[in-house]
Amino acid sequence: MSRMNKNIVCIGAGYIGGPTMAVVAKMNPDRKVVVVDINAERIKAWNSKGYDLPIYEPGLVDVVKEVRGRNLFFSTDIRKAVKECDIVFVGVNTPTKMFGRGAGRASDLQYWEATAREIKEWATGDKIVVEKSTLPVRTAAAMDAILNDHAKYGFTVLSNPEFLAEGTAIKDLLEPDRVLIGGPSTKAGAAAVAEIVSIYRGKGGRWVPAEKVLTTNVWSAELTKLAANAMLAQRVSSVNALAGLCEATGADIDEVARVIGADRRIGPKFLKAGPGFGGSCFKKDVLNLVYLCESFGLHTAAEYWSQVIKMNDHQQERIVSRLFKEMFNTLANKKIAVFGFAFKADTGDTRETPAGTVVRLLDEEHVRISITDPKAIPNAKKDLADLQGIEYQTDPYKAAKGADAVLLMTDWKDYPGLDWAKIFKSMRKPALVFDTRNCLDAAALRKLGFKVLNIGK
Ligand code: NAD
Ligand code: UGA
C-alpha cells in the first residue's frame, strides 16, 4: 500500500485527539485524517463555521483553519471512518474508576474497551491500532486479545502516549522533546512502528527529527507515560512540601527553587510552588500507578506514590487555613474574589483544578465568593452548579469590588498588569491579596496598602 493510502482516524475528539490530529494533518498534507467522537455537540463545535472550537489552546484555531476541509475532517460517523482508514489512533477518555474493584484509583477502561470492539466490528481490512490515551501497563495485551480473537483481519496494537501539556499543546506538538512509540517485536510490529514513525517525521522529514522519535517495547511505552506524569507531579509536591517549611522559617521558596534548579542534574522546570497541581491527568495517572504497584504486591512503592497526592490535597487545605487565620478566624459573609479558576494559565480546562477544591472549602465557611477567569467561566459554572450564590465575572475589577480578599489561583499573564490601585480602592479594608502563584509584585501591592500572602514566603 502506498504512503498516500495510509489514512488515519482518531477516535476521541477531546483535548488530546483534536489538537494532536490537527498537527498530524498539518505536517502530513498527503494523509487524510478523520477525527470522530460519539459526542455530536463536540464534533459540531470542531466543524463550526466561526471556528468556535470546543477547547481553547493558543494557536489551535490557526492550525485548524489551515487543515480543516483540506485533509482534516471531524465526524460522528465512526463506522465509516474506521472502514476507510488504515491506522486508528484511540484517544478516548480513561478517567479514574469510581465503582467496584480499584474504585478511586484504577483506570475506568469501559470507553477504551468499547472502542476496541467498535474497531473490530467495522474493520474491512488489516489495521494498525495506536493507543494514544494514557493507560495502565499491559492494556495493549487486552486490546490485542479483543481485536485478534477470531478476527477476520490482523490488528497490530502499538502504544504512542502523548506528552503535550495543555496551554502549550500546539507548541509541544510542533516541537516535542520526544515522541514515544512502543511496539511488539514481530515483523508486523516493526512495520507498524515504522509507519507511525513516518507520520511523526512528517512529509519530507520536516516535523520531528529522527533522534527525537524513541521506540521501545509496548509495556515500556505504557509505563513511561504514567511514570513521566508521576515524576512531574512528584516535583510539584516536593516543592510544595518545602513551601510550608519556608513559611515557617523565613526562607523563600522561589529563591530556594531557583538555586536548586540551577543544578543541571535537577533543572529549573516544575519547581514552582503553588496551589497544588490540577488538570485531568496528574492525579488520575499517579493513582493509577499506585493501583498498579498494589496489584503487583509492591506496597511500599504504592505508598510512596500516594504521598504525592496526599501532599497535593494538603496544599489546598493549607491555603484556606492561612486565609482563615489571616482574616481574623472567621470567613462567614466575607467576600473573597477568586482570580483564575482554570487549573493553569492559557486553558479553559477546570478538571481537578485546585481552585475548585478551595472554592468548595470556602463555601463551607459561608464565604461570599466571586470568580473571575478569562477562559474558564463556562466550565466553572458547570463544575459548581450545585453551589448557591456564586458570582461569576469576566471582569476582574467587578469581581474584586467590595471584596475583603483577592485569592489569586491561576497565573494568567494579565493579572500582574491589572490596575491594583483601582482594585484596592474598591475593596473593603483591610484588603488582602493571597497570591498562590507568586506572580504579582508583592512589594508594590504592600505599598498600595494591601496585606499580601504568598506561598512559601
Ligand atoms: P476528553 O474527555 O477531552 O476527550 C475524550 C473524548 O473521547 C470525548 O470527547 C469522548 O466523547 C470521546 N469518546 C469516549 N468514548 C468514545 C467512543 N466509544 N467512541 C468515540 N468517542 C468516544 O479527554 P482528553 O483530555 O482528550 O484525554 C484523552 C486521553 O488522553 C486520556 O487517557 C488522557 O489521560 C490522555 N492525555 C490527555 C492529555 C491532556 O492534555 N488532556 C495529555 C496527554 C494524555
Ligand atoms: C501534564 C504534563 O506536563 C504533560 O506532559 C502530560 O502530557 C499531561 O499532563 C497529561 O498527561 O495530560 P498538564 O496537566 O496539561 O500536562 O499541565 P502541566 O503544565 O503539567 O501542569 C499541571 C499542573 O501542575 C498545573 O495545575 C500547574 O499549575 C501545576 N504546576 C506545574 C505547578 O504547580 N508547578 C510547576 O512548577 C509546574
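Which residue in β10 is the bridge partner of Lys335? I will come to that after a word on the model.

This is a predicted model, where local features need pLDDT of at least 70 and side-chain atom pairs count only at pLDDT 80 or more, while totals for chains, interfaces and linings use all residues. Residues are numbered from 1 along each chain as its sequence is written, and chains are lettered from A and ligands numbered from 1 in the order in which they are written.

Now the answer: the bridge partner of Lys335 in β10 is Arg368. Helices (H or I, at least four residues) and strands (E, at least two) are DSSP runs, numbered from the N terminus. Lys335 belongs to strand β9, residues 335–339. Strand β9 pairs with β10, residues 368–372, in the parallel sense over five bridges; two strands pair if DSSP finds at least two bridges between them.

On another pairing, β9 goes with β12, residues 405–408, again in the parallel sense, over four bridges. There the partner of Ile336 is Ala405.

Is β9 enclosed or open? Four of its five residues are buried, so the strand is largely enclosed by the rest of the structure. Buried means that 20 or more other C-beta atoms, placed from the backbone, lie within 10 Å of the residue's own.

Next, helix α3, residues 60–67. Val63, Val64 and Val67 are buried there. Down the axis of α3, the buried residues fall within an arc of 100°, so they line one face of the helix; the arc is that of the directions from the helix axis to the C-beta atoms. An α-helix has 3.6 residues a turn, so residues three or four places apart point the same way. The cover over the buried residues of α3 includes α1 (17–27), β3 (72–75) and α7 (169–174), with contact meaning C-beta atoms, placed from the backbone, within 7 Å. Just after α3, Gly69 has a positive phi of about 85°.

Last, the ligands. Around ligand 1 there are 27 residues, and Gly12, Gly14, Ile16, Ser133 and Thr134 come nearest; a residue counts if its C-beta atom, placed from the backbone, lies within 6 Å. Helix α5, residues 110–122, gives the largest share of that shell, three residues.

Ligand 2 is surrounded by 20 residues, the closest being Ala165, Lys272, Phe277, Gly279 and Cys281. Here the largest share, three residues, comes from helix α9, residues 218–249.

Note on methods:
Buried ≥ 20, exposed ≤ 12 C-beta atoms within 10 Å, placed from the backbone. Contact = placed C-beta atoms within 7 Å.
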